[in-house]
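Dear colleague,

Here is the structure I promised to pass on. My notes on it follow below.

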Amino acid sequence: MIPRVWKLFRILNYVQLISSAVITLFVSFIILSSFTEKNISVLGFTYIFGLLFLLICLSSILNSYIILKFFPDKPMSRAMSTLFVSTLIVSTLTCLCLLGISITGLSIELDATNEKADRYGLITGLVLLLLSLVHVFVLIMQYRVKKFIRLNQAKTMASLIASIGSQPESGKL
């Protein structure tokens with residue numbers, strides 16, 4: 001039986017995938033609309049923000065693939081393991097960026113001297129902080145998944161080796 005924490009990882013990974021895909025589509029719409037309105041000043045940060053959520057989306061897709069294909073005890077190929085480690089590094093960087101953006105945004109919105117602060121900015125900051133916390137949990141579990149697969153694979157191999165020497169009792173007369 002799979003522990004609850006891994007079921008939660010799977011669920012939150014799908015939540016992260018769907019939310020980052022929606023945000024990526026929304027940011028893409030903003031980029032396209034700014035081209036038609038010739039508002040180029042928005043594009044620099046928007047490209048970075050869109051790329052951030054696109055990378056989170058791709059990481060979630062790879063996590064889903066690993067969960068479906070290799071979890072809990074099937075061996076990963078060397079190429080898949082290398083891709084997984086690369087994605088882990090990129091996920092760590094995107095997590096730090098997302099946390100930085102959400103904390104900075106919230107501090108700006110909660111600043112008493114900010115005259116432009118409104119409810120929508122606060123809600124956006126809180127949603128980004130919530131997504132950041134989900135990303136932190138997924139990232140922690142992403143660090144643990146490879147070791148978990150390796151340990152379960154070793155247990156499976158040990159039980160297979162132990163079962164080779166034993167004869168079934170039901171075959172005796």
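**The aromatic cluster**

W6, F9, F71 and F148 are linked into a cluster by ring pairs. Rings of Phe, Tyr and Trp (its six-membered ring) pair if their centres lie within 6.5 Å; planes under 30 degrees apart are stacked, over 60 edge-to-face, and the rest tilted.

Please keep in mind that this is a predicted model: local features need pLDDT of at least 70, side-chain atom pairs count only at pLDDT 80 or more, and totals for chains, interfaces and linings use all residues. Residues are numbered from 1 along each chain as its sequence is written, and side-chain values use heavy atoms, with hydrogens and water left out.

The count of aromatic pairs comes to six. One of them joins W6 and F148. This pair is tilted, with 4.8 Å centre to centre and 35 degrees between the planes. W6 sits in helix 1 (residues 4–37) and F148 in helix 4 (residues 119–165), so the pair ties together parts that are 142 residues apart in sequence. Helices here are DSSP runs of H or I with at least four residues, strands are runs of E with at least two, and both are numbered from the N terminus.

W6 counts as buried because its relative accessibility is 5%. The cut-offs are under 20% relative accessible area for buried, over 50% for exposed, and partly exposed in between (1.4 Å probe, protein chains only).

F148 also pairs with F71. That pair is stacked: 5.2 Å centre to centre, 20 degrees between the planes. F71 lies in the loop between helix 2 (43–69) and helix 3, while F148 is in helix 4, so this pair ties together parts 77 residues apart in sequence. F71 and F148 are both buried.

**The overall fold**

The protein has four helices and zero strands. Along the sequence the pattern reads α-α-α-α. The C-alpha trace spans about 90 × 35 × 25 Å along its principal axes. The radius of gyration is 22 Å, whereas a compact globule of 173 residues would have one near 16 Å. That radius is taken over C-alpha atoms, and the globule rule is 2.2 Å times the number of residues to the power 0.38.

Of the 173 residues, 34% count as buried. Contact means heavy atoms within 4.5 Å. Among contacts with a separation of 6 or more, 77% come from residues 24 or more positions apart.

L139 is in helix 4. It counts as buried because its relative accessibility is 9%. L139 and G105 are 34 residues apart in sequence, and their C-alpha atoms are 22 Å apart in space.

S81 belongs to helix 3. With a relative accessible area of 15%, S81 is buried. Leaving aside neighbours within four places in sequence, S81 is in contact with M76 and K146.

Is L93 buried or exposed? L93 counts as exposed, because its relative accessibility is 51%. L93 is found in helix 3 (residues 78–110).

Best wishes
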